[in-house]
Amino acid sequence: MTVSPALAAAPAGGMPPVAAGQWLAGLVVVVLLVFLALWGLKRLTQWQAPAGGKIRLLGGIALGGREKLLVVEVGETQLVLGVAPGRVQTLHVLEGERRLHAGEPATPPFARQLQQVLNKRQTS
C-alpha cells in the first residue's frame, strides 16, 4: 500500500500543519480585537446622560487605582463625592463661600506666582 506525499507530511491527527505566518496573523487579530473592545468599553463608561444640563462634573482627582474624589454640581448644590468600586458616598456639601466657581481655574499658589513673575519679565 502506498501513502500519498500529502498524507505522509500530515501529523498523526490527520490535519496538515498550520503555517507559522497564519498562526501569528491570527494572534495579532485576536489581540487587536481585545484592544478594540477595551477602547470601546472605556468610551461607553465615560458617556454621561445630559440630565437637562442640571448635573455637571466640576472636577475630580484619582486617589488610588480605582478610587476617585469628585466635585459634582446638581442644580444649585455642590457635592464632594467619594467614588470606589460599587460605592458612591457623599463626603461633603459645599455651601456659601466654599462653593467652587466653574469658570475660575484652580491654580496652585506656586503656578500663580510663577505666571506673575513671567508676566513682569515680559512687560519690562
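Leu 27 is partly exposed, with a relative accessible area of 40%. Here buried means under 20% relative accessible area, exposed over 50%, and partly exposed in between (1.4 Å probe, protein chains only). Leu 27 sits in helix α2 (residues 20-45). Helices (H or I, at least four residues) and strands (E, at least two) are DSSP runs, numbered from the N terminus.

This is a predicted model, in which local features need pLDDT of at least 70 and side-chain atom pairs count only at pLDDT 80 or more, while totals for chains, interfaces and linings use all residues. Residues are numbered from 1 along each chain as its sequence is written, and side-chain values use heavy atoms, with hydrogens and water left out.

**Surface and overall build**

Leu 27 belongs to a nonpolar surface patch of about 1,100 Å². Other members include Trp 23, Leu 24, Phe 35 and Leu 41. Patch residues have over 30% relative accessible area and no salt bridge; like charges are joined within 9 Å, nonpolar side chains (Val, Leu, Ile, Met, Phe, Trp, Tyr) within 5 Å.

The chain has 3 helices and 4 strands. From the N terminus, the elements run α-α-β-β-β-β-α. Buried residues make up 9% of the 124 residues. The accessible surface of the chain comes to about 11,000 Å², and 64% of it belongs to carbon and sulfur atoms. Accessible areas come from the Shrake-Rupley method with a 1.4 Å probe; for residues, only the protein chains shown count as cover. Among contacts between residues at least 6 apart in sequence, 6% join residues at least 24 apart. Contact means heavy atoms within 4.5 Å.

**The sheet**

The 4 strands form an open sheet in the order β1-β2-β3-β4, with antiparallel pairing. Two strands pair if DSSP finds at least two bridges between them. The edge strands are β1 and β4 (87-94), each pairing on one side only. The twist averages 25° from one strand to the next. For such angles, axes are lines fitted to C-alpha atoms, for helices over the stretch in contact, and angles run from 0 to 180 degrees between N-to-C directions.

Strands of a sheet pair through backbone hydrogen bonds, either parallel or antiparallel. Two of the pairings can be set out by their bridges.

| Strand pair | Bridges | Direction |
|---|---|---|
| β2 and β3 (residues 77-84) | 7 bridges | antiparallel |
| β3 and β4 | 7 bridges | antiparallel |

Leu 70 has Leu 81 in β3 as its bridge partner. Val 74 stands opposite Thr 77 in β3. The hairpin of β2 and β3 has 2 residues between the strands, and Gly 75 in the turn has a positive phi of about 65°. The hairpin of β3 and β4 also leaves 2 residues between its strands; there Gly 86 takes a positive phi near 80°. Val 83 stands opposite Val 88 in β4.

Gln 89 is found in strand β4. At 38% relative accessibility, Gln 89 counts as partly exposed. Leaving aside neighbours within four places in sequence, Gln 89 is in contact with Val 80, Leu 81 and Gly 82. Gln 89 and Leu 69 are 20 residues apart in sequence and 9.8 Å apart in space, C-alpha to C-alpha.

**The salt bridge**

Side chains of opposite charge can pair when their charged atoms come close. A salt bridge is a side-chain nitrogen of Lys or Arg within 4 Å of a carboxyl oxygen of Asp or Glu. By this rule the count is 1 salt bridge. The side chains of Arg 56 and Glu 73 form a salt bridge at 2.6 Å, N to O. The pair links distant parts of the chain, 17 residues apart: Arg 56 lies in strand β1 (residues 55-62) and Glu 73 in strand β2 (residues 68-74). Arg 56 is partly exposed at 40% relative accessible area, whereas Glu 73 counts as buried at 10%.
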